[in-house]
Amino acid sequence: GMPGKSVRYLLRERMPEEYFELLKKAGELAEGMGFNLFLVGGIVRDMVMRVENLDIDLVVEGDGVVFAKALAGVFGAKVSPHEKYKTAVVRLSGGHRMDVATARLEYYRMPGAFPEVEESTLKLDLYRRDFTINTMAVALNPHRFGELIDYFGAQRDIREKKIRVLHSLSFVEDPSRILRAVRFEKRRGFSLGKQTLSLISSAVHAGFLRNIPGRRIFHEMRQILQEEEPIRCMERLQELKVLEAIYPDLVFDEQMREAFRAVRETLLWFRLLYTHEKIRAWFLYFLAMTESMDPQAVMALGDAFGLRREDSEILLDSREKVREIMRKMASRPEMLPSQAVEVLGKASLEEILYAMSRCRSANFKKIFSTYVTTWRNYRPPVSGRDLLAIGFSRNPDLGACLKEIRNRGLNGEIRDFAGAIAFAQAYLTGIRG
Ligand code: ATP
């Protein structure tokens, strides 16, 4: 067929040097094995849109598992093959991972379906995907390295900012794509294609959402809640009557919207300060979603999401922990840092941020924010090991002494090593004497 345009320059520009080299080497390796190798999916979409994305998805025309093992061998990486699905994950030492899939070969024997025999298996693989914008590939074999393959008009749809399915049975095949459509629509100002929108309406009205396993719904909802703008996704899902189809009592009302807004604001604050710290944002939104439900309703929602009882109970425990924190804070208008740490120290970062989003008082907000920025990382000027090394004897009061040093350190009463040693001396002799 017509060779696609080269996006070699994009590969070079948009990717760290080591990724570029890695893809080149992978292409050479595939060539030597007689396979065709392609970069596919979200990373190609994002590269064309100039958005950062480092999730490498590869498709092999040939045997993906054999290729992945060879690739892992060359790079000294770990490989986890999935023989049944002919896929593999290759984990490189730097923490990078690559997902390798096989373009299914059964169609290779029926080249009549497509005129270009060489590309037919890739084309069929891409045809199975959710939306046109996700169907581009970049060839990686040396003689065509960097060639952009776009069978289904992805570049046009990116230009027009449209989410479009590939064929009219798409949502029948997999209704969870309805949730994915909304997720992609609310990113970067896209909208649903007219035909796609009407296919979604029909699928919802026909009750197809009931055919999705709960776990899939949860997986897709979690991805939505991990997005930049979950509020807009929720509004859209409500408008399309998807929420009520998932669970009748799931209504994105003003109260829930307010809880979501508060979470969003808190997350923005956190992400501004800690750009690299991973946070399970979805969990905060999930707490917001269930904030005004009674425990039975939370368990029922958990069922709709295919959660195990234990997982729903973890959610309820978290809710309880947050409420406990709020009660304790409210009962003490003035708090020393050590007292705040006592209250917050056992909660997860997500629970703390959620509690912070719930709290109205500027005074308490300040306590939360100082905990997150300072106190949670506080290290006292001496450790137990230090005290033993200096010659303090291993005695039962040492633990209490260290705790006291920590508290006083947090409160600014002990500032340095010398101060801590002096305190320990007085404390331990005081107790014994
Ligand atoms: P993100 O930027 O959120 O990582 P992504 O496109 O990588 O987006 P994933 O959910 O990781 O999204 O999916 C990876 C690829 O697999 C997508 O590009 C998509 O084409 C395909 N895919 C995922 N789920 C489906 C589905 N239900 N039906 C068809 N294709 C799917």
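**Four domains to colour**

Start by colouring the protein chain by domain: domain 1 (8–159), domain 2 (161–246), domain 3 (247–378) and domain 4 (384–432), with bounds from an automatic or database domain assignment. Residues are numbered from 1 along each chain as its sequence is written. This is a predicted model, where local features need pLDDT of at least 70, side-chain atom pairs count only at pLDDT 80 or more, and totals for chains, interfaces and linings use all residues. Taken over C-alpha atoms, the centres of domain 1 and domain 3 are 40 Å apart.

**Into the core**

Next, select Phe38, Leu39, Leu58, Ala137 and Val138, the residues with the most contacts inside the largest nonpolar core, which has 104 residues. Such a core is a set of buried Ala, Val, Leu, Ile, Met, Phe, Trp, Tyr and Cys residues joined through C-beta atoms within 7 Å; buried takes 20 or more other C-beta atoms within 10 Å of a residue's own, with C-beta atoms placed from the backbone. Helix H14 (residues 281–290) gives the largest share of this core, eight residues; helices here are DSSP runs (H or I, at least four residues), numbered from the N terminus.

**A helix pair**

Now show helix H11 (residues 230–239) and helix H13 (residues 254–273): their axes lie 10 Å apart at an angle of about 160 degrees. Axes are lines fitted to C-alpha atoms over the stretch in contact, and angles run from 0 to 180 degrees between N-to-C directions. So H11 is roughly antiparallel to H13 (over 145 degrees).

Technical notes
Buried ≥ 20, exposed ≤ 12 C-beta atoms within 10 Å, placed from the backbone. Helix = DSSP H or I, 4+ residues; strand = E, 2+ residues; numbered from the N terminus. Parallel < 35°, antiparallel > 145°, perpendicular 65-115°, else oblique.
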